[in-house]
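Please have the sequence and the 3D view open as you read.

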Amino acid sequence: MTTWTAFTTLSAQGPAEALGEALEALDPTPVGVGVFEIEDGAGRWEVGGYFTAPPDDIALALLAAAHSGADFIVSELPETDWVAKVRRDLAPVEAGRFFVHGSHDSDKVPQGRLGLLIEAAMAFGTGHHGTTQGCLLALDALAEEGFRPQTAADIGCGTALLAIAAKKIWPNARVIASDIDPVAIDVARANLGANGMAEGVALAVAPGFESPEIQEEKPFDLVFANILKGPLAELAPDMARHLAPGAKVILSGLLTDQADEIAEIYANSGVNLRARHDIVEWSTLLLENSS
């Protein structure tokens, strides 16, 4: 089936979200609409729609003008099994002791490595992005130094790759993964099952730490938050309240020029920088609760 995409950019979150809502009422109706912050540190937002019939160019132009957006760029996509293509194109990723792979590479896990089976899906975190790799390397370094958490939380878990990795290293730890997106939690549940952890990691649909399941498990010895600069900054005070003394925190989703600011924000909440690891333009921070 041929599909069409229509994308525009805006300078602020509010207009972008309003345009996304308006786009859903367009005729022909898009089969999907996405509103995303562009990860370049400029504060720009992207709005896109996917269509099974050619979108109305005039209607798109009027919507863009009404919401102060750039002109929509419309593209026709050929018939492609995108999931199958991504699965073929995504090579396994090695990060410390971890070997992240799809089911088509299950027979390639090297001896002595921990295999993490993560399929391409509608959630962030296949291990190929610098932020996810950085988190896995930070996790590996903690394990190397003998760190043994009793409780761990993966906030904004996406595919739950980091929760799965933590459970692989510390099978006796209580691990919970949460995400604001129910689709991500569905993907996480499938990945847990594929890795033999259907009952090993608790799941919650929640923003930040706002769920009864998370409240029951606090305080945490280890927290991952691989999201974006803005949400990480907002999360800092609440993060500190949910940490055990000496707890470790692994943060990512940060461009290299954003890392120092986030480290300072967390230091103001008593969670201090221990190490930083940059992969191309992305930074991962390892912090420790000083209380």
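How close do the axes of helix H8 and helix H9 come, and at roughly what angle do they cross? The axes of helix H8 (residues 229-241) and helix H9 (residues 259-267) come within 9 Å and cross at roughly 15°. That angle makes H8 roughly parallel to H9, because angles under 35 degrees count as roughly parallel, over 145 as roughly antiparallel, 65 to 115 as roughly perpendicular and the rest as oblique. Axes here are lines fitted to C-alpha atoms, for helices over the stretch in contact, with angles running from 0 to 180 degrees between N-to-C directions.

Before going further, a word on the source. This is a predicted model, in which local features need pLDDT of at least 70 and side-chain atom pairs count only at pLDDT 80 or more, while totals for chains, interfaces and linings use all residues. Residues are numbered from 1 along each chain as its sequence is written, and side-chain values use heavy atoms, with hydrogens and water left out.

**The helix pair**

On the H8 side, Lys-229, Leu-232, Ala-233, Leu-235, Ala-236 and Met-239 take part, and they meet Glu-261, Ile-262, Ile-265 and Tyr-266 of H9. Contact means heavy atoms within 4.5 Å. Sorted by class, the contact of H8 with H9 has 8 nonpolar, no polar and 2 charged residues. Ala, Val, Leu, Ile, Met, Phe, Trp, Tyr, Cys and Pro count as nonpolar, Asp, Glu, Lys and Arg as charged, and the others, Gly among them, as polar.

**The chain as a whole**

The protein chain has 9 helices and 14 strands (DSSP runs numbered from the N terminus, with helices being H or I of at least four residues and strands being E of at least two). Of its 291 residues, 46% are buried; buried means under 20% relative accessible area, exposed over 50%, and partly exposed in between (1.4 Å probe, protein chains only). Among contacts between residues at least 6 apart in sequence, 66% join residues at least 24 apart.

Most residues other than glycine have a negative phi, and most peptide bonds are trans. These places depart from that pattern:

| Site | Backbone feature | Value |
|---|---|---|
| Asp-27 and Pro-28 | cis peptide bond | omega about 5° |
| Lys-218 and Pro-219 | cis peptide bond | omega about 0° |
| Ser-68 | positive phi | about 60° |
| Val-280 | positive phi | near 55° |

Pro-28 sits in the loop between helix H1 (13-24) and strand E2 (32-37), and Pro-219 in the loop between H7 and strand E11 (220-226). Ser-68 belongs to the loop between helix H2 (57-66) and strand E4 (73-77) and is exposed, at 63% relative accessibility. Val-280 lies in the loop between strands E13 (271-279) and E14 (282-289), and with 74% relative accessibility Val-280 is exposed too.

**Ser-211 and the cysteines**

Is Ser-211 buried or exposed? Ser-211 is buried, because its relative accessible area is 5%. Its place is the loop between strand E10 (201-205) and helix H7 (212-217). Leaving aside neighbours within four places in sequence, Ser-211 is in contact with Ala-204 and Ala-206.

Cys-135 is buried at 0% relative accessibility, and Cys-157 is buried at 6%. The structure holds 0 disulfides, a disulfide being a pair of cysteine sulfur atoms within 2.5 Å.
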